[in-house]
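Take a look at the sequence and the model below. Then read on for a short tour.

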Amino acid sequence: MTVRMLPRRRGGSRFFVYATLIAFVAGSLFPFYWSYLVASRDTGMLSDHLPPLLPGGNFWANASRVFDSVPFWKALGNSLIVSGTVTLTTVLFSALAGFAFAKMRFRGSNGLFVFIVVTLAVPTQLGVIPLFIAMSELGWAGHLQAVIVPNLVTAFGVFWMRQYIVDAVPYELIEAARVDGCSVFGTFVHVCLPAIRPAAAVLAMFTFMMSWNDFLWPLIVLDAGNPTVQVALEKLQSGHYVDYSLVLAGTTLATIPVLIVFLLLGRQIVAGIMQGAVKG
């Protein structure tokens, strides 16, 4: 019996791989560090010939000024309500629609799915005026439901979940559930949902970040006293003089919830992938 030895990797190539990864990580983290660096000092540091590379001790003072300048607590609460609600409904409705398009046969399903995909090519700005008129007619202008309801489900979410369910949920499991007396919704809950957890986590992560960072529509439809985080940050730099320490202190505070959600859902993605690997 002949034993073949695998060639050993050269140290130079391994060093190049790790150096490239470290460079990408450093480049990704630098904007966050620079935001915190400026937020922890005064604006005068930006005019220095050699800006300091270590944070100062003014971050909490600048953060306190943020809460005094704009209704930032209210903005954080509004953004959490809007982003959390939109994320939950988008994942749920997209999973339901994706399951229907992927595993159920009904008349016009292909044409309807193509129409949903085509809507991805329509710019969002085209619907701003008629949507604002509709929100005003309903009496929702200035209220959070005007931001939540138009985003309860997205075409991208339906497309994403449908493409994942096609391969992740075999027909044999669906037929077995039906033989056991499971209804269509029961099949979705007990068979489909456990299998699509990684895709649902990815969609939830993207949806939360997109809703959290949405600026144009909340700026148009909400009142000045009822802003979201991005609108509140815009108010910090609306004067003739922009205090970048103040603005970046608010930006740093607004980034923390997104990072927490990213860490939580990132762990769910890894757990789902590992569970699928063990079952396989």
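Of the 280 residues of the protein chain, 35% count as buried (buried is under 20% relative accessible area, exposed is over 50%, partly exposed is in between, with a 1.4 Å probe and protein chains only). This is a predicted model: local features need pLDDT of at least 70, side-chain atom pairs need pLDDT 80 or more, and totals for chains, interfaces and linings use all residues. Residues are numbered from 1 along each chain as its sequence is written, and side-chain values use heavy atoms, without hydrogens and water.

The protein chain holds 13 helices and zero strands (DSSP runs numbered from the N terminus: helices are H or I with at least four residues, strands are E with at least two).

Helix α10 covers residues 197-213. Its span from first C-alpha to last is 24 Å, close to the expected 24 Å (1.5 Å times one less than its number of residues). In α10, 12 of the 17 residues are buried, so the rest of the structure largely encloses this helix. Among them are Pro198, Phe208 and Trp212.

The whole structure has two salt bridges (a side-chain nitrogen of Lys or Arg within 4 Å of a carboxyl oxygen of Asp or Glu).

| Salt bridge | N to O distance |
|---|---|
| Arg65 and Asp243 | 2.4 Å |
| Arg178 and Glu175 | 3.5 Å |

Arg65 and Asp243 meet through their side chains. They link distant parts of the chain, 178 residues apart: Arg65 lies in helix α2, Asp243 in the loop between α12 and α13. Arg65 is partly exposed at 33%, whereas Asp243 is buried at 14%.

Arg178 and Glu175 are three residues apart in helix α8, so about one helical turn separates them. Arg178 is partly exposed, at 41%. Glu175 is partly exposed, at 41%.
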